[in-house]
Amino acid sequence: MLESFRGGKVARWFKGRSMWLLHFCTGCGAIELPPSMTSRYDLERFGIIPMASPRQADVLLITGYLSVKTLKRVITTYEQMLDPKYVIGFGSCTINGGMYWDSYATINKLDYYLPVDVYISGCMPAPDAIFAAFLELREKIEKGEANGYKLYKIHYERYKANQDKVFKNRGIIEGED
Amino acid sequence: MKTYELFIGPQHVGITGNFSVILELEGNVVKKATPNPGFLHRGFEKLMEMRGFIHNVPIVCRICVPDPDPNEANYAMAVEKLLGIEPPPRAKYIRTIVLEFSRIASHLFTFGGHAGSIGLYTIPNWTISDRDFILDLFEMLTGGRVYHIFIYPGGVRRDLPDGFIEKAKDVLNYLEKRLDDYNKLYFDSYMFKKRARGIGIINKEDAIEWGVTGPNLRASGVKADTRKDDPYAAYGELDFEIPVLTGGDAYDRIMIRRMEVVESIKIIRQALDNIPDGPIREKVPNPMRFIVPPGDAYVKVESSKGEYGYYMVSNGKDKPYRVYIRGASMTHGIHILEKLLPGNYLADVSQIMFSLDVCPPEIDR
Amino acid sequence: MVEGVVELIKGNFSDVEIVIPEHQEKRVHISVEKEKVKEIAKFLKDNGFRHLSFITCVDWIDEGKFELVYGLYSYEEKIVVLIKTKIDRDNPKQETLLPLWDQAQTYEREIHEMFGVYFDGNPGLTPFILEDWEGIPPMRKDFDSRKYSQITYDSEAK
């Protein structure tokens, strides 16, 4: 009975109602997070509060575009978080590059480097859209489908090869000297 | 004693955005500080050379995140100077109203950030809630809460809707009454005065030599404001004062922003009462093939953080040849932090950054 | 006033080219050779132009030259003066303005990284924004950003 409590339906029901965000403003979308936490929209009634240390947080919110210099630090932070952990991609820049699709410094598809559970589209998403995404993440957790952290361990070689391709190829167009 | 190295890295609660400072500490006291920018770099100046003059209008506002309207006003003014046209008077008044509301929203954000860094956590909750009323007005006028895409070379995109002037006056009355509540909770409180006085002093001669601009310069005793010295939009016809303080420390830099909020409320009331009738847009060349004659221009506005300037070069084609963006935090975030941080305690590093109002997207672009 | 500033510069330097752009008030653009830049900047700083606004660079690839632009501002006259000078594109070197203004270090570091211009006498030309960049300086006109983005970021590693 202890085994079924730890990994089973009751534990997942509790996990979905207590998701702590990590406090990391990675891009321009971070300006719509403080208004969601004030009393007009109030994220805390769903059990979501910001947390300063990655060792005690559950959800990593990638708010917007990622430059390559930030991607290194995001991966270090993601690997410091403890299981189970979830990633939410916030904004159009994580889906296909957004309006910086032809820039030499920002990545285009977040899914190549980190496993993503839920995407929010928009530029910039309003606080109502943030709520919809967190409720969808809660449904996924209750059904047992939010398995990004397990996929990261199973396919680790593929993720590491993609990350190294971006970190090592700095500025040299292939085929030129 | 030995020194050790500490990163106040990009993932931290006490810095204004995605920025990093490498500190060398001896015990509890900072000996040397090296700012490390570049986490938000998108290569904006290269992107703007690959898109036409009209295609640049939606992306320009994303350069400075808390205060996006000075970017749009600068870009529109630079293209207008090269074309040789002037926007009509009604458009100038509407631009003034939008720019001043954006200034009040940005100052409210700064108050919240600075109070949170010294431990008074109620004030960010209040100021960010009050800022939401201004964002509602923007949504009524332009369609978007944070990024507006409203100021356009030649005028503005849309006229004031019905009921906007009454709603704006209600918001201004509410904000004016709230300033009394903030006095009791924050500006007159014993904790704020004891922690913020005497921290990070910049005196008058150093301020001009080091390149300080904006409210930080006015808190050190120099009376300079682009709205009076080099008027743009409708500022030449409105009546307002420039407050100046002489202390130069973190306390004065926050108090001068409070005085500017009072002046901004006055400016918006005058603009709403005296707005003239007429068209809102001047005729520009065909947007499908927008050609600008060759030349170069440097334009600047007074944003909530300081002097914000664009240098644009055109060579007669339909894409800009070179656009240089001089963010207001270029000097505040790099050179001034290197000079001010040594000698202070570790607990005051965050307070100095918030009182200077360092905005990292302007440095990296 | 703008005429006063023009008289002041013409009276002391005879071979500079002064342009007052049309439709723009309170601006004076002057073009000089690269050896005279520090002298003119020091003269203007002693006459009230104490604020250095920016230093930037424009890449004229068809002529084979870089153009450096310095912006100075005076709080008494309230006029912006732009000093423009052209240097060679294949071996770009210029004298540093550090002895006059300490804060010029930020702008000179950025131009060194983005365009590849070397400033004589500046000991701290370390990378400013990019990290581990090994290609050509990215703001030059012969670097194709779209092609680089398509190759690096649009496909997975094999």
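How much area do chain C and chain B bury between them, and what share of it is on carbon and sulfur atoms?

Author: This is a predicted model, in which local features need pLDDT of at least 70 and side-chain atom pairs count only at pLDDT 80 or more, while totals for chains, interfaces and linings use all residues. Residues are numbered from 1 along each chain as its sequence is written, chains are lettered from A in the order in which they are written, and side-chain values use heavy atoms, with hydrogens and water left out.

Chain C and chain B bury about 3,800 Å² between them, of which 54% is on carbon and sulfur atoms; buried area is the accessible area (1.4 Å probe) that two parts lose on being put together, summed over both. Of the area that chain C buries against chain B, 15% comes from C:Tyr75, C:Ile129 and C:Met139, more than from any other three residues. The contact (heavy atoms within 4.5 Å) involves 43 residues of chain C and 40 residues of chain B.

Eight salt bridges cross this interface, each being a side-chain nitrogen of Lys or Arg within 4 Å of a carboxyl oxygen of Asp or Glu. One of them joins the side chains of C:Lys45 and B:Glu209, at 3.1 Å from N to O.

On the side of chain C that touches chain B, several elements each supply at least two residues, including strand E2 (27-31), strand E3 (51-60) and helix H3 (104-114); helices (H or I, at least four residues) and strands (E, at least two) are DSSP runs, numbered from the N terminus. E3(C) gives the most to this side, with nine residues.
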